[in-house]
Amino acid sequence: MRRLAAAFRLATLGVALLAATGCTGEREPRPLTVVGWGGSSQEAHRRAYWDSFTRRTGVRLQEDSWHGGVGVIRTKVLGGDTSWDVVQVETEDLILGCEEGLFEPIEWAALSGRDAFIPAAVHDCGVGAMLWSYLIGWDGDRIAGPGPRSWADFWDVRRFPGRRGMRRTPKYTLEFALMADGVPPAEVYEVLRTPAGVDRAFRKLEELKPNIVWWSSISQVPDLLGSGEVAMSVTSPGRLIVANRSEGRNFRVSWDGNIYAVDYWVVLSNSPRKAEAAQLLRHMTAPENQMRLPRFIPTGLTSRRAGELIDPRLRLDTPSDPRNMTNALELDASFWVEYGDQLTQRFNAWVSH
Amino acid sequence: MSLPPQTGTAFVEFAGVEKVYDGGAPAVAGLDLEIAEGEFVTLLGPSGSGKTTTLMMLAGFEAPSAGDIRLQGRSLAGKPPHRRNMGVVFQNYALFPHMNVERNVAFPLGVRGIRGAQAKAKVEEALALVDLDGLGARRPDQLSGGQRQRVALARALVFEPDIVLMDEPLGALDRQLRERLQVEIKRIQRRLGLTILYVTHDQAEALTLSDRIAVFAGGRLQQVGSPKAIYEHPRNAFVAGFVGENNGLRGIVTRRNGSSCEIRIAGDLVLQATPVGPLAPGDAVTATIRPEHVRLGPDLAAPCNLFSARVDDVAYHGDHSRVRALLPGGAAVTLRSEERIELGASEPLTIGWCAEACLAFADGAEPRP
Amino acid sequence: MPGSPTERAGAARRDWWPFALVAPLILFLAAGFLIPVLMMLSRGVTDHELASAWPETAQALRGWDGAGLPDETVVPILAAEIVGARKAGHLNLVANRLNYDRVGSRSLVYRTADALEGGAPARSFADLARIDPRWSEAGQWASMRQAAGPLTSFYLLASLDRRLSPQGAVERVEAEQAVFVDILLRTFKISAVVALLCALLGYPVAYLLATLPPRLANPLLILVLLPFWTSALVRTTAWVVLLQSEGVLNGFLIGAGLIEAPLPLIYNRLGVYIAMTHVLLPFLVLPLYGVMKGISPVEMRAASSLGAGPVAAFLKIYLPQTLPGLAAGMIIVFTLALGYYITPALVGGGADQMVSGSIAFYTNQTLNWGMAAALSLLLLLPLGLMLFAGRYLARTVPA
């Protein structure tokens, strides 16, 4: 009896202690937390921005990584979790999160004004971090010659035998199908907003369906291409070019008809360290810092001045090079915010039949 | 009292059986043993003496490394346990926990294709035999230890096996229950004329139950015989010490005359004993004397060996008393008396015994238990 | 004195104390798990977005019978609340909610808000129709009425590929949008097959573990547990290397002349079965191993001595006693498998995606937590049945 009471007292003490340490953990200033997408892109940010930021300002940084999805941020903000400050988000996440008040408005004056950036990089709640794209990639050791040059080529399994890797989402996929069917990039979303246009996209996809291997994570693409599992794949160029540089691979990409989008830096509205977060945004968007980024990952830059400053040889591999923007299509995130549920549902039904 | 079976009529026969586990000393060696039909034979010995291995070889769970085991003249070699038609009762019952008593007992019938009313009648008969009528629907975990062992017994009997093998079946029960079940096992064996091979390390149990006892030690058979023969005429010091209680006095043979000999023990005491086996003067021996054969002075009627001693300890046991006495040389002798002993520690007393009751065995010939 | 008042009081106190000891855990579970889960699940059957952003509009719509258009008095109320909600920052909630049911409602709401802020009049349906003709469609208003809450069947019906017609009858959605029944059935089927495969492969493994001497069993147990300690990605990559067209297995089979063209072993259902069975196997082996360890080997000897051959002894004595462990393991595997989606996403094809993938999509990507909650509810149903079946099995067979 007495021993039980003692055990109970011990247990309560333990709980109290845990609670106490939890509290002090909150009170102690934690480093500024910046959240990227992991892998080579996060490493590029670290080397281009984060290391120098701490050196220059003395503000300690702590990294985390995620795979997108504004729901993650909504859960954190609604749940009172204040562990993230600066996060790299995709456009739809930016739109939805901004409407929900999950992000702090950007003080553009402090970032030398909206005009210092390309138009796509400017949003009330976020500043463009990088410009990336989805396009056709293949292994030059397996397909000789110039390779596929358009989405029509991608669909042409007679000229280019073998399977095709595509991301298992309607986003990008429907757009590519329409372009393969001859819709000019500028009209893609106009067509997709009509039921007939959606039907047309699915009809075109149906042609290629038996040859498609669906992937769900971009990290699968180098393996799929390198092992010959697929002859060509929808990909972002970064992973392949990094593999070419570091592993001596011969991956090649075709920029024609690429879909590009901007990733943004946002500051979460419940961040306890907004001043340092703003300081970090300034550091990461300053032209002299941003121009270093393509050294580590082939990506388009959002600062106009940085785009002019970068090494032209590095620019070849990025969407910042004007030659890479022939027939390019900017992802219409507001279209996907509106039609995403419906099209995903239809896509999932279609893909499983 | 049954006599050892005549050669050729053995029901079960172990012939030169040996069991060696890889690399070790033999668990059983040179075993020759015959069991007659209807006989209750007990394998008695300390743990590790080879008695259980012997039983398991007969049941078919172990294969002999050498020699042969025969049932009714036919070799059992290569015959799997489930074809041997032997009822085995294990120490921990080995009831099937997911079946009730009835289904446990019916199990051997079911695998023999006996089902329905015929099986039911047999099960009821078997349960009645072990006094468990009406408990058929119980599950093993709802039974006491004694009841479980009765179920195990019923299950081993219901299919009318050629022989029943029991491996320390009462080892897990308390003494009173054990004694009651001993009586019942004996009753059932007589009533049904069962042939039983029984394994135990409890010599009292062996004496109570058996027609014959086979004493094992160190993997070897030490002696086979009726309980009376084993108790009164042990062939060696091990049997003398293991079966029943015995005092052992170590000494040297000083003289041999006919059917008795003279032994000098510690304290220069000389005692008369009956030698077992060939003994010559100078041999180191152990003289054994059972406590009930030691008489207590002072008015002893001319026993052969008479010594003055001191009381070391007196223990009261209700129906008898036990006295531990110390001889002048320091050797201890325990004696048992039906009368009440009123002696205090260190009090002097006189003890004695006759030479016929005192057996002398040569040292060094004993097996290691 | 057994049964005396003090004795009984003491017993009662002893009964109470263990609960006091686990009280912190219970509180922790309630606060950290049960309540949030219930709150999340409740989103599957409640509709609060419209009612909280446009309370008076919701009131007016609830009073309407749903036929044709509502009373025109709702128009100025709605107009005022659209503008008010935008100022308060709530317009996105209701816009997104309406968009779930009628795609395009989101832009309709925002375009209307823009027009109203620009001074467009909004007293009649005609005024609204001038801003956007969709305001004169009865279906638009019926959809808003259904969203007025407080309770809704919208998400649950949508999870079963059903919806309410404007007339309030349950109808199927268009065939091209019907996906969730398929996905749910597929999820149950994949989970059941994986549980079965785990049972077939795991039973002999558990038996081996239970019967080997510890010296050999322990390293083997570590091998069984290995997938636990490997990240999902590494494990999956390993399977890709093994199973792909030019992978190790196909290379071996072609090299040995057994097949001519590579077998499709991955990016299809087979790949999902292989990878999921691999990672879930320990969950079957461990409980089964525990139960098998508890079966005395003497029972098998007893069965044998009673005349049962090895097969009969196994079927009648061993197998029945291992059933509770087998059932427990299969229930655990089935339950865990229901929640899988990353493995199917990485090694499966288009027709192999599981319902948790949809739940994650709605939770993270589009913030449609109502759909996520409704799908989760449907996933919980068979779980409840499983637990019930588990309890029943545990009662009928002693452990």
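# Chat about a three-chain model

Trainee: Starting with B:E102, which residues does B:E102 touch, leaving out those up to four places away in sequence?
Mentor: With those neighbours left out, B:E102 touches B:V123, B:G136 and B:A137. Keep in mind that this is a predicted model.

Trainee: How far apart are B:E102 and B:V123, in sequence and in space?
Mentor: They are 21 residues apart in sequence, and their C-alpha atoms are 6.8 Å apart.

Trainee: Where is B:E102 placed?
Mentor: B:E102 is in helix α2 of chain B, which covers residues 101–111.

Trainee: Why is B:E102 called partly exposed?
Mentor: Because 18 other C-beta atoms lie within 10 Å of B:E102. A residue counts as buried at 20 or more and as exposed at 12 or fewer, and partly exposed is in between.

Trainee: Staying with chain B, what domains does the assignment give?
Mentor: Domain 1 of chain B runs over 12–239 and domain 2 over 248–362. The contact between them takes 4 residues from domain 1 and 5 residues from domain 2. On the domain 1 side, the classes are 2 nonpolar, 1 polar and 1 charged.

Trainee: And how far apart are the centres of those two domains of chain B?
Mentor: Taken over C-alpha atoms, 39 Å.

Trainee: New topic: what are the domains of chain A?
Mentor: Each is written in two segments: domain 1 is 30–131 + 262–325, and domain 2 is 134–259 + 331–351. Their centres, over C-alpha atoms, are separated by 26 Å. Each of these domains of chain A gives 12 residues to the contact.

Trainee: Which elements of chain A supply at least two residues on the domain 1 side?
Mentor: Those are α2 (39–57) and α4 (91–99) of chain A. The largest share, 4 residues, comes from α4(A). By class, that side divides into 4 nonpolar, 6 polar and 2 charged residues.

Trainee: How many helices and strands does chain A have?
Mentor: Chain A has 16 helices and 9 strands. Of its 353 residues, 48% are buried. Its C-alpha atoms fill a box of roughly 80 × 55 × 40 Å along the principal axes.

Trainee: Now the chains together. Which pair has the most contacts?
Mentor: Chains A and C, among the 2 pairs that touch. Chain C gives 35 residues to that contact and chain A gives 36. Elements of chain C with at least two residues there include α1 (5–42) and α18 (355–365). The chain C side has 15 nonpolar, 16 polar and 4 charged residues.

Trainee: How far apart are the nearest C-alpha atoms of chain A and chain B?
Mentor: They are 31 Å apart, and the two chains do not touch.

Trainee: What about chains C and B, how many residues does each give?
Mentor: Chain C gives 17 and chain B gives 19. On the chain C side, α15 (297–305) and α16 (310–338) each give two or more residues.

Trainee: One last helix, α10 of chain C. What span should its 32 residues have?
Mentor: At 1.5 Å a residue, α10(C), residues 180–211, should span 46 Å, and its end C-alpha atoms are 45 Å apart, so the two agree.

Trainee: Where does the kink in α10(C) lie?
Mentor: The kink, of about 35 degrees, is at C:G202, shortly before the proline C:P204.

Technical notes
Residues numbered from 1 in each chain as written. Chains lettered and ligands numbered in written order. Predicted model: local features only at pLDDT ≥ 70, side-chain atom pairs only at ≥ 80, totals over all residues. Domains from an automatic or database assignment. Contact = placed C-beta atoms within 7 Å. Nonpolar A, V, L, I, M, F, W, Y, C, P; charged D, E, K, R; others polar. Expected span 1.5 Å × (residues − 1). Bend = angle between axes of the 7 residues up to and from the residue.
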